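Colleague: I am new to this structure and would like a close look at one part of it. Could you walk me through how its charged side chains pair up, and then what lies around them?

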Amino acid sequence: MPLSRTLSMSSLPGLEDWEDEFDLENTVLFEVAWEVANKVGGIYTVLQTKAKVTGDEWGDNYYLVGPYTEQGVRTQVELLEPPTPALKRTLDSMNSKGCKFLAQNEEKPHVVAHFHEWLAGIGLCLCRARRLPVATIFTTHATLLGRYLCAGAVDFYNNLENFNVDKEAGERQIYHRYCMERAAAHCAHIFTTVSQITAIEAQHLLKRKPDIVTPNGLNVKKFSAMHEFQNLHAQSKARIQEFVRGHFYGHLDFNLDKTLYFFIAGRYEFSNKGADVFLEALARLNYLLRVNGSEQTVVAFFIMPARTNNFNVETLKGQAVRKQLWDTANTVKEKFGRKLYESLLVGSLPDMNKMLDKEDFTMMKRAIFATQRQSFPPVCTHNMLDDSSDPILTTIRRIGLFNSSADRVKVIFHPEFLSSTSPLLPVDYEEFVRGCHLGVFPSYYEPWGYTPAECTVMGIPSISTNLSGFGCFMEEHIADPSAYGIYILDRRFRSLDDSCSQLTSFLYSFCQQSRRQRIIQRNRTERLSDLLDWKYLGRYYMSARHMALAKAFPEHFTYEPHEADATQGYRYPRPASVPPSPSLSRHSSPHQSEDEEETRDGPPDVDGERYDEEEEAAKDRRNIRAPEWPRRASCASSTSGSKRGSVDTAPSSSISTPSEPLSPASSLGEERN
């Protein structure tokens, strides 16, 4: 089901530089969405992070329109006086009549209205029905029917062309909303989606091929100190370890220095978000680690909000016991230090037999006795309202991951969003992500995927799928994603069992990496940050707006599309040094320790050379260069999409496992030279 794109998605610089061709001084942009200053979904992140880039482009002529909520006004909106008389009259009229419309402006500016999702789409339909002089854009971030169909456990992507969309929408009682979404897509001058996989979906379900794909970006934060994110990872990991010490009190029989933290986070959509596949892979990983006698332990977090009534008493007790042990240790330490100090003052070495008295031993024995418990550490941190039917807990009971001492994989289900004020795990989401080793997002339905993107900009490797917008985007722009810590799971052309096996392979190979190899991989992952910056991805939104202006006001704006040069753009090459796969950097002795690893100059690469991080970073800076925006680069027309920019329906050859790195394309040799 290929969809040829009007703009090359395999080439970031395959977009026009419009600065000299479009005068935005007499043009106004309205961006309309239910999520404006209203944090109810991922679109909120899109608008919030994109606002600065769009504001820099449009200045005071950029307006965001959303629902009025008291909470949003108090926390996210700065009240200002209207900057223009026309806007003041509009707001006064809205307040007096209780309706929302655009007042007439003496200057008659050209208006661009960008509507996000079907909730805002009714305004777009009315603009066209009333023949208002407005250039309209409609962006669907996920089709309504697609989300419902995937939640119903259907073979969605292999049957897109076979669905009776009216019948399916009617059976799910969303026909009226589906019609609004479809009408908005057809009424808009320009129709966009956030990823190529969603473009294919929209073409079949909404019956219109998107004019352009507008990927979602982030505001990438740069750190002044080199590799500062590595230090932040260590600091955040220490916070997570403190929680783990308390949660597993009485059963802390594993080495925290050899413990890896995996996590999955997002809306509680058990199948759509891939929690089912992740749990099955964890069970298989647990078996592999046990039969191979691995000393590595994995703690897997599930951060998905669900219905609860309170914290789990046993979980709260664990943190209280941990704090009590810490206080006891500090008390004994202070007494020990005071006696040592007094002994040194008189010029004699201390008698170690007298440094701790009977009271100290009694205090420590009581603290140790308090850590004993007969039950396993709890799987869930809260009391669930529907414990017996909860999908995650039901699956955990089936696969038998109960956090026993014999298990090398431990599971913690945290059915609440993270907060720095929580009495259990007092960290916010960003700090938690930085402290983990791997984000796992084996989603079946994920139009874009902000969670793996956030992992990438923070230097944390992640697992995505070829059914997510993020995964497809990375496959297009990176020659060997796994070498950069972006593992792409095949969920489109493989069976569910094969996908579980592939995910298990990813997880097990990651567990085999040494600490140094993980550090190297995090460095590579963080270097992909610029690829997700709105500084570059915002150009797709700019192009969509300019296309809409040219289509709505042809007498004032011109647009001459022609085929894009297939040689434009760039792809991230494979790293200059060896990929971090254990299969390519095994020790000659299976018993070599990590301490011995740290004393070496680095693992040898395929040519027998030593790894040098600064040297590799210098090579990456030459290979991974900022895209140069051509002055008059053209868009490909809708009837002549670039072959390189389409999605192949055959199984992708670019999917690779950590132990089988992808061979670079023939053109990459020239890039690296």
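**Charged pairs and their surroundings**

Modeller: Happy to. Lys167 and Glu171 sit 4 residues apart in helix H6 (residues 165–171), so about one helical turn separates them. Please keep in mind that this is a predicted model. The side chains of these two residues meet in a salt bridge, with 2.7 Å from N to O. Lys167 is partly exposed, at a relative accessible area of 44%.

Now for a pair that reaches across the sequence. Glu446 forms a salt bridge with Lys273, and their closest N and O atoms are 2.9 Å apart. Glu446 belongs to the loop between strand S12 (438–440) and helix H16 (450–457), while Lys273 belongs to the loop between strand S7 (259–265) and helix H10 (275–291), so this pair ties together parts that are 173 residues apart in sequence. Both Glu446 and Lys273 are buried.

A further pair joins Asp490 and Arg494, whose side chains meet in a salt bridge at 3.7 Å, N to O.

Some charged residues go beyond pairs. Glu280, Arg284, Arg398 and Asp497 are linked in a network of salt bridges. The structure as a whole holds 25 salt bridges. As a general point, side chains of opposite charge can pair when their charged atoms come close.

What about the nonpolar side chains? In soluble globular proteins, these tend to be buried together. Here the largest nonpolar core has 104 residues, and those touching the most other members are Phe262, Leu282, Leu285, Phe301, Phe302, Phe432 and Leu507.

Finally, have a look at helix H20 (residues 534–552). At 1.5 Å a residue, its 19 residues should span 27 Å, and the C-alpha atoms at its ends are 26 Å apart, which agrees. Helix H20 is also mostly covered, since 16 of its 19 residues are buried.

Note on methods: Residues numbered from 1 in each chain as written. Predicted model: local features only at pLDDT ≥ 70, side-chain atom pairs only at ≥ 80, totals over all residues. Heavy atoms only, no water. Salt bridge = Lys/Arg side-chain N within 4 Å of Asp/Glu carboxyl O. Helix = DSSP H or I, 4+ residues; strand = E, 2+ residues; numbered from the N terminus. Buried < 20%, exposed > 50% of the residue type's maximum accessible area, 1.4 Å probe, protein only. Expected span 1.5 Å × (residues − 1). Core = buried A, V, L, I, M, F, W, Y, C linked by side-chain atoms within 4.5 Å.
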